[in-house]
Amino acid sequence: MWRVALADMRYRRRRFVITVLATGLMFAMTLLTSGAAEALHHQDRSIVSSFHADSWFVAAGGSGPFTTTTPLASSVTDEVARVPGVSRASPVVLFRATVESHGKQDVNVVATPPDGLGSPALEDGRQPRDSGDVVLDADLGIRVGASADVAGRVMRVVGIVNDARYYFGTPTIFMLLRDAQEQFFGGLPLVSAIAVQGQPRGEVAGLRQMSVSDVAADLKRPTSRGDATVQFINVLLWISAIGIVGSIVYLSAIERVREFAVMKATGVSNGSLLIGLAIQAIVLSVLAAMVAAVVAQLLAPGFPFAVRITRTAYVGLVVVAIVVGLLGSGAGLRRAVKVDPALAFGGV
């Protein structure tokens with residue numbers, strides 16, 4: 001039956017090619033949206049892990065270091081450092097600002113003391129060490145040695161980082177703690193959180209301790225609705241793909257009614273007919289998945305968000321494509337089973 005299925009696809013090759021391209025575009029969109037969601041999750045995990053902290057302290061009642069709006073007095077850093085089990089405590093300011101670069105762009109601000117926890121891994125240049133120094137994400141398009149207008153203050157670009165993003169792909173800039181306190185807290189000695197290395201075995205009044213996994217989950221929380229929207233769109237795209245494959249297989253089954261009748265009259269079982277149509281639908285879907293992999297790579301650079309398509313995603317696409325093919329062939333299978341062998345000897 002597989003030879004019959006392939007022969008039918010060759011006979012209707014124009015329709016087959018159009019269906020593969022249309023279904024492939026659907027699959028490509030699922031790869032791109034899933035890849036965008038994976039990139040956002042990777043960015044959140046990456047920014048949290050870049051601090052190399054074992055735990056965090058935030059204000060009691062605060063949601064987390066990246067999402068809380070309740071600052072702490074810088075002096076609590078010394079209190080945290082005295083907690084048994086703490087080997088290092090580093091104050092951090094986390095804020096939102098804008099940078100003038102090809103227009104006004106929103107940025108995340110990470111500010112630490114010189115060589116504090118959270119100092120970025122540089123692609124070019126050096127770490128901030130003097131007042132007015134700033135490290136920028138490469139995507140902002142400002143080179144080392146240039147000046148950057150950060151929230152109305154002109155600063156020197158001394159370093160460049162790659163892929164330092166969170167909050168739906170917003171670029172991140174890095175500056176000294178004292179500069180951030182002067183610019184965003186009016187010079188007051190305030191910080192957003194305390195990053196800690198070691199295993200604290202005690203509490204500090206007015207503070208809440210959070211594990212790294214808790215911090216990552218809290219950072220992901222503001223984007224949870226966006227993730228749900230992406231998943232919903234993907235489900236709709238899968239359903240559309242099933243509809244496309246199903247309609248083509250069903251049309252093919254209608255056009256082959258007399259052929260099916262002849263096969264049945266000569267002793268071909270319903271199971272063999274089912275296998276033939278299923279093969280046709282699966283080949284169509286798998287070829288569409290291959291087209292989708294190429295299209296997704298071509299479209300990824302122009303996608304509004306960074307796209308991170310993993311090998312697992314490609315393998316998953318092939319598996320889902322097979323499932324889509326089987327589900328899409330359902331209508332055609334039912335039509336083939338109902339064909340009366342007597343039609344082989346008379347008019348339709």
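This report walks through a few local features of the structure above, from its aromatic residues to its helices and surface.

The model is predicted, so to speak of local features a pLDDT of at least 70 is needed, while side-chain atom pairs count only at pLDDT 80 or more and totals for chains, interfaces and linings use all residues. Residues are numbered from 1 along each chain as its sequence is written, and side-chain values use heavy atoms, with hydrogens and water left out.

**Aromatic residues**

Rings of Phe, Tyr and Trp (its six-membered ring) are paired if their centres lie within 6.5 Å; planes under 30 degrees apart count as stacked, over 60 as edge-to-face and the rest as tilted. By this rule there are eight aromatic pairs. One of them joins F66 and Y166, and it is edge-to-face because the ring planes stand at 80 degrees, with the centres 5.2 Å apart. This pair links distant parts of the chain, 100 residues apart: F66 sits in the loop between β1 (55-59) and β2 (72-73), and Y166 in strand β9 (residues 165-166). Helices (H or I, at least four residues) and strands (E, at least two) are DSSP runs, numbered from the N terminus.

Y166 also pairs with Y167; here the centres are 5.4 Å apart and the planes are at 40 degrees, so the pair is tilted. Which residues make up the aromatic cluster? F51, W56, F66, Y166 and Y167 form it together.

| Residue | Relative accessible area | Class |
|---|---|---|
| F66 | 6% | buried |
| Y166 | 2% | buried |
| Y167 | 17% | buried |
| H52 | 58% | exposed |
| L298 | 66% | exposed |

**Two positive phi angles**

Y167 has a further feature: its phi is near 60 degrees, a positive value in a residue other than glycine. Y167 lies in the loop between β9 and β10 (170-176). H52, not a glycine either, has a positive phi of about 55 degrees, and its place is the loop between α2 and β1.

**Helices with a buried face**

Helix α9 (residues 311-328) has 18 residues, which at 1.5 Å a residue should span 26 Å, and this agrees with the 25 Å between its end C-alpha atoms. The expected span is 1.5 Å times one less than the number of residues. Within α9, the buried residues are L317, A321, V324, G325 and G328. Viewed down the axis of α9, they fall within an arc of 95 degrees, so they line one face of the helix. The arc is that of the directions from the helix axis to the C-beta atoms. On the face turned away from this buried side, α9 carries the exposed residues R311, T312, V315 and L327.

In helix α5 (residues 212-220), V215, D218 and L219 are buried. Their arc about the axis of α5 is within 100 degrees, so these residues also line one face of their helix.

**A nonpolar patch**

On the surface, L25, M29, V294, L298 and L299 form a nonpolar patch with about 460 Å² of accessible area together. The elements giving two or more residues to this patch are α2 (13-49) and α8 (270-299). Which helix gives the most to the patch? That is α8, with three residues. L298 lies in α8. Patch residues have over 30% relative accessible area and no salt bridge; like charges are joined within 9 Å and nonpolar side chains (Val, Leu, Ile, Met, Phe, Trp, Tyr) within 5 Å. A salt bridge is a side-chain nitrogen of Lys or Arg within 4 Å of a carboxyl oxygen of Asp or Glu.

Notes
Areas by Shrake-Rupley, 256 points an atom, 1.4 Å probe, with all protein chains shown as cover. Buried < 20%, exposed > 50% of the residue type's maximum accessible area, 1.4 Å probe, protein only.
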